[in-house]
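Subject: Structure for you to look at

Hello,

Here is the structure I promised to pass on. Please open it first, then read my notes below with it on screen.

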Amino acid sequence: MSKKAPSDPRPQPRILSEKSAGNFSVNQAAVTFDSPHNSADSARRLFTTLAWSLLIYHLAVIAWGAFVRASFSGDGCGSHWPLCDGEIIPSFSSHKLIIELSHRATSGMILPMLLALLIYARRLFPSGHQSRKALTLALVLAGVEALIGAALVKLHLVADNDTIARASVMSFHLVTTFFLVGSITVAALQGSAPARFEGRGQGAVGWALALGYISIIVLGVSGAVSALGHTLRPTDNVLAAAISSNTHWMVRLQPLHPLIATSVGLYLLLTGGLLIHLRPTEEVRKAVRAMVGLYALQLIIGLVNILIKAPIWLQMIHLATADAVWISFVCVGVFATRQGIPRVEQPPREKLSEEAPLQGWALVKGYVGLTKPRVISLLLFTTLAALIIAKGGWPGGWLFFAVALGGYMAAGAANAINMVIDRDIDAQMKRTAKRPTVTQSISSGNALLFGFSLAAGSFALLWGVANLLAAMLAFAGLVFYIIVYTILLKRRTWHNIVIGGAAGAFPPLVGFAAVTNTLSPLAWFLFAIIFVWTPVHFWALALLIQDDYRNAGVPMLPVVHGERVTVIQIALYAVLTTVISILPFVQRDLGTFYVAGAILLNSVLLLRCGQLYRQPNRPRAVSLYKYSMLYLALLFVIIAVDRVGA
């Protein structure tokens, strides 16, 4: 260690010896100072403060860029760059010039700020430190951003230019900005972090995070194009204008943005909920909550934007919030992949059974088993029946097949992910103790990856063959089942199936939307019928396997309140199902053939419930359980026949 010369009052640099902090190993010397006011910890805190301050400044610059676009000031300096109007010091002759020049000036400050922060990081951290790497990347990206800005000006892709070229360059600009602010975020997070984060070796979690980043980028691009279309091609009724083939392509794309935003929001909610379960740390929990809160705020701002015709100030807030959502998801990704944190999806050290991993045809059967095909069959039937109901006839073979496959994949994905989350309680129940995720004959990581692959494939297939609304509704059912039912309700309250059962009511909405690209009152009646029918069906089953639920500690109604209360609740929901099922006739969506069939089916349903009430035994419960499945299938057949014959 070097010593300070007596005649020199300044603190001298000190070389820290090699040490380890948590899981982060410092392999090379780092420079600090002997001054008590400039310790390594305070230097790191200062670095972190500076990095977050730069990030906030960058968000303000991004918001001001939205003002430049929306105010048609992008050509304020003409086609000159880096000069403004061909002069080093322009004449400030117009407000457009002032706006554009201010944007250039504030944007230009980011490069020297990044350079200064990188120099500080190189003095503070060892070679290979993730903050140094992130800032180096950020500096490169800032240079790329400057070149993109130059291209927009030089190629006249500003002001009232409405070409595909402008939309493409703007989209690339947005992606670059995302990666730039993401790099600064990583630098800030790792500046005082005790452990590195790892992108590799994360299994399904890594793929889920990667898909989340891609989803936010796609959403951002769609938002940029939508905002540009609103600015250049304003219209009072976007939905009506989008239908016309003569409408500008930017206007026709605008209705997609809210659906994409909802779909991405559902995906982030799914990923965040799973990460809280799979990476149970306080950092992950807080980051996910912040992300969900910011995204909810973003959706509200987007809705208000639509309602009040997107004033410029709200567009600026909307864009800044979009970047904040991206930053929050970057935080989630970093926290969830740091070294040393628990990974719940990893196989336990001691196997729960001695079964060998599945191979060949047995492995295929195991993966099919993860989808619970017997459970899916009735849900899939209601989806396909809804296709015929919505069309009033045969919807076409290709659409029928695609919706059948896409619907199966979405439901199968939900079941596969559910098995990973519930494998601890499945191990305590006789009917589920041999599931592959319990025995680990299919690892939890592979089951998760399988589930996410099915979900992504389902979304792509339904969007490609049917429409985005159908794809979004199928995915919404999946997210509702995993987050609301499995994670939030199942282990906490006997109301789990009452609320969570709504997941099983999404399939007819998917079928209806696949044909009509909208949801009529009849579609919502189909949803409501399944929603109120589910407790009748499921509680009859719960009576049969209540001992399993009791052993596993799952608070199903028979376990919490006993058989008599369960039977009464079944009867009440059977009456409610009867009432709801008659409403489509009252609404005049269905005719006399339907109402006659519905009265017959409901009479038998009420009769079976009455028999169970008088004799709450196993044979009566089995009888009601089996009939409830037949009831729903026949009810949808009658609806389809009535609609075809109308």
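The protein chain has 25 helices and 4 strands; both are DSSP runs numbered from the N terminus, a helix (H or I) having at least four residues and a strand (E) at least two. This is a predicted model, in which local features need pLDDT of at least 70 and side-chain atom pairs count only at pLDDT 80 or more, while totals for chains, interfaces and linings use all residues. Residues are numbered from 1 along each chain as its sequence is written, and side-chain values use heavy atoms, with hydrogens and water left out.

The whole chain

Of the 646 residues in the protein chain, 51% are buried. Buried means under 20% relative accessible area, exposed means over 50%, and partly exposed lies in between (1.4 Å probe, protein chains only). The protein chain exposes about 29200 Å², and 66% of that comes from carbon and sulfur atoms. Accessible areas come from the Shrake-Rupley method with a 1.4 Å probe, and for residues only the protein chains shown count as cover.

A contact means heavy atoms within 4.5 Å. If you take the contacts between residues at least 6 apart in sequence, 75% of them join residues at least 24 apart.

Cysteines

The structure holds 0 disulfides, a disulfide being a pair of cysteine sulfur atoms within 2.5 Å. Cys-331 counts as buried because its relative accessible area is 11%. Cys-609 is buried too, with 4% relative accessibility.

Helix H16

Helix H16 covers residues 436-439 and includes Pro-436. Pro-436 has a relative accessible area of 12%, so this residue is buried. Which residues does Pro-436 touch, not counting those up to four places away in sequence? They are Gly-366, Leu-370, Ser-441 and Ile-442. From C-alpha to C-alpha, Pro-436 lies 8.4 Å from Tyr-367, although 69 residues separate the two in sequence.

Thr-437 is also in helix H16. Its relative accessibility is 0%, so Thr-437 counts as buried. Leaving out residues up to four places away in sequence, Thr-437 touches Leu-370, Met-419, Val-420, Arg-423, Ile-442, Ser-444 and Ala-447.

Helix H6

Ser-222 sits in helix H6, which runs over residues 204-232. Is Ser-222 buried or exposed? Ser-222 is buried, because its relative accessible area is 15%. Apart from neighbours within four places in sequence, Ser-222 is in contact with His-257 and Ile-260.

Regards
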